[in-house]
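This report goes through a structure chain by chain and then through its contacts. Please keep the sequence and the 3D view at hand while reading.

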Amino acid sequence: MINLQDLRDTARDLLAKGEARAVIGFRRGSRGMAAEPAFITRPEEADELVWDPTCVHNLALYLVEDRKFLAHNRAAPGLPIAIVAKGCDARAIVVLMQEHYFKREDVYIIGVSCEGTGVVDERKLAVHLNGAVASNAVFDGDDYVFTTVQGEKRLAARDVMADRCLECREPFPREHNAVLGENKTGRELAAPFTALARFETLSATERWTYWERQFDRCIRCFACRSVCPMCFCDECVVDSITFPVTAQTTAEEKANRIRWIERSATRSENITYHMTRAMHLAGRCVDCGECERVCPVNIPLRLLNNKMEREARERFGYEPGASIGGASLVGSFRDEDPGSFIR
Amino acid sequence: MSEQEAYEPRIIAFLCKWCSSAGSDLAGVSRIQYPANATPITVMCTGAISPMYILSAFNKGADGVLVSGCHLGDCHYMEGNYLARRKIHLVKELLEFIGVEPNRFRMSWVSAAEGAKYAQVIKDFVADLKPLGPQEKLSRTKPEAEHL
């Protein structure tokens, strides 16, 4: 069990001693029980921090935003920025550092272990609450306890936790400056890649029918891209409106830019967009599941990313977010890489 | 002639400048007969091929995509084809995962001396593609519409 006071004290000390310029964490949000990201710069605000089953966000995204903000203002990082990171968030931070997006000394990682209870999936919870709305959620051993108007409701964490938490291999943030909670790595609620393995039993035709239906629904809102800490490019290859335009850019230049795919939300473009994204995340995706959570039309994006993750793991022995100094998946090779498909 | 017989698959072939591209030249100057379905695009190295090229080719109506480079150990840039092998493997797995026929995407090693092998690779590819018919899954254009 994580003592919330420890988390608040850690944050307060960092700010009071001038060891961090801000703390990124979670606080009570304005929408029911859900926590929201908090950006704390004064020691007295540290008491706003919370840690409960609704702390679902991958806060590594805001390190990227902070880095962009600094670059825009041509400011030096100065003091490190502190961040509350779950196991998956910490892996994301490692990948960002591996890619030299920021330096290790620019970040102070306050690791929080999920201790095998993970975080809640609101869609699953809605089924269990049967129409009631929870106003508060707390961890209690292997259960979550929700407060609703009908009183307290205790649910086993494994029944309402997010799929990615069920399949999580490492709920403990390995890379950290300070860490709260026990290391319960090794516990398995569901074998990793369970959903993927189930999906792969389908035939090629069935798989296509499935994806065709999913991609037909995509509205290209780019929420998956916006929420992903790995999608940090200012200029996105699949989105022509992100191409930079200055006062000097001529109409011809704009017209002649390569548009690999169109922005229209048609099936062919949607497929190419999601496949490109899956390729760009190969060996980088840490399976934080944010893309799937924010998708307004519920496209199971984790399947695509899981597929790449499993290939990297099983064929190339590559684990994303394992080491800061290591080579990237597509920037390295081994002699024994599979090659039997080549003629 | 029935419609099935009239169908000729369109192949986009990404060929390494240092080997497969020269290999295709050799096939030509050696007067080896092989199907004219492949549109060659010369690249500096298979390692320089972005997955975006492959997806985009399918997106713009290719029925099959071939990536061909130097044999392992023969890369002009020492290790480009090793990197390509890994990347192309991922693209291939991803395409098959969403249900694209495995025969639509292929990789081969063809050296500058292997004109006959290049001809054979194209012959085999065309033979494998014909029964599959036009590629409509990733294509933005309808097959009856004008090509590219």
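What share of the contacts in chain B with a separation of 6 or more comes from residues 24 or more positions apart? The share is 83%. The model behind this value, and behind the others in this report, is predicted.

## Chain B

Chain B contains five helices and four strands. Read from the N terminus, its elements follow the order α-β-α-β-α-β-α-β-α.

The C-alpha trace of chain B spans about 45 × 35 × 20 Å along its principal axes. For 148 residues, a compact globule would have a radius of gyration near 15 Å, and the 15 Å of chain B agrees with that. Of the 148 residues in chain B, 53% are buried.

## The two domains of chain A

Chain A is divided into domain 1 (1-115 + 167-190) and domain 2 (193-331). The C-alpha centres of the two domains are 25 Å apart. Where the domains meet, 18 residues of domain 1 of chain A are in contact with 17 residues of domain 2 of chain A.

On the domain 1 side of this contact, the elements that give two or more residues are α2 (60-72) and α3 (87-98) of chain A. The largest share of that side, nine residues, comes from α3(A). By residue type, the domain 1 side divides into 12 nonpolar, two polar and four charged residues.

## Contact between chains A and B

The contact between the chains takes 30 residues from chain A and 30 residues from chain B. On the chain A side, α8 (204-217), α11 and α13 are the elements that give two or more residues. Of these, α11(A) gives the most, with eight residues. The chain A side is made up of 18 nonpolar, five polar and seven charged residues.

B:Leu94 shows what one residue of chain B touches across this contact. Leaving aside its neighbours within four places in sequence, B:Leu94 is in contact with A:Met275, A:Ala278, A:Met279, A:Lys307 and A:Met308.

## The largest nonpolar core

The largest nonpolar core has 136 residues, and the members that touch the most other members are A:Ile83, A:Ile93 and B:Leu94. Helix α4 (residues 80-97) of chain B provides the largest share of this core, nine residues. Domain 1 and domain 2 of chain A each supply at least three residues to the core.

## Helix α13 of chain A

After α13(A) comes A:Gly317, which has a positive phi, near 60°.

## Loop residues of chain A

Which residues with a positive phi are not glycines? One of them is A:Phe193, with a phi of about 65°. A:Phe193 lies in the loop between β8 (178-180) and α7 of chain A. A:Phe193 counts as buried because it has 20 C-beta neighbours inside 10 Å, and 20 or more is the cut-off. Another is A:Asp287, with a positive phi of about 60°. A:Asp287 is in the loop between α11 and α12 of chain A, and it counts as buried because it has 24 C-beta neighbours inside 10 Å.

Is A:Ser264 buried or exposed? A:Ser264 has 10 C-beta neighbours inside 10 Å and therefore counts as exposed, the cut-off for exposed being 12 or fewer. A:Ser264 is located in the loop between α10 (251-256) and α11 (267-281) of chain A. A:Ser264 and A:Asp239 are 25 residues apart in sequence, and their C-alpha atoms are 10.0 Å apart in space.

Terms used: Residues are numbered from 1 along each chain as its sequence is written. Chains are lettered from A and ligands numbered from 1 in the order in which they are written. This is a predicted model: local features need pLDDT of at least 70, side-chain atom pairs count only at pLDDT 80 or more; totals for chains, interfaces and linings use all residues. A nonpolar core is a set of buried Ala, Val, Leu, Ile, Met, Phe, Trp, Tyr and Cys residues joined through C-beta atoms within 7 Å. Domain bounds come from an automatic or database domain assignment. Two residues are in contact if their C-beta atoms, placed from the backbone, lie within 7 Å. The radius of gyration is taken over C-alpha atoms; the globule rule is 2.2 Å times the number of residues to the power 0.38. Ala, Val, Leu, Ile, Met, Phe, Trp, Tyr, Cys and Pro count as nonpolar, Asp, Glu, Lys and Arg as charged, and the others, Gly among them, as polar.
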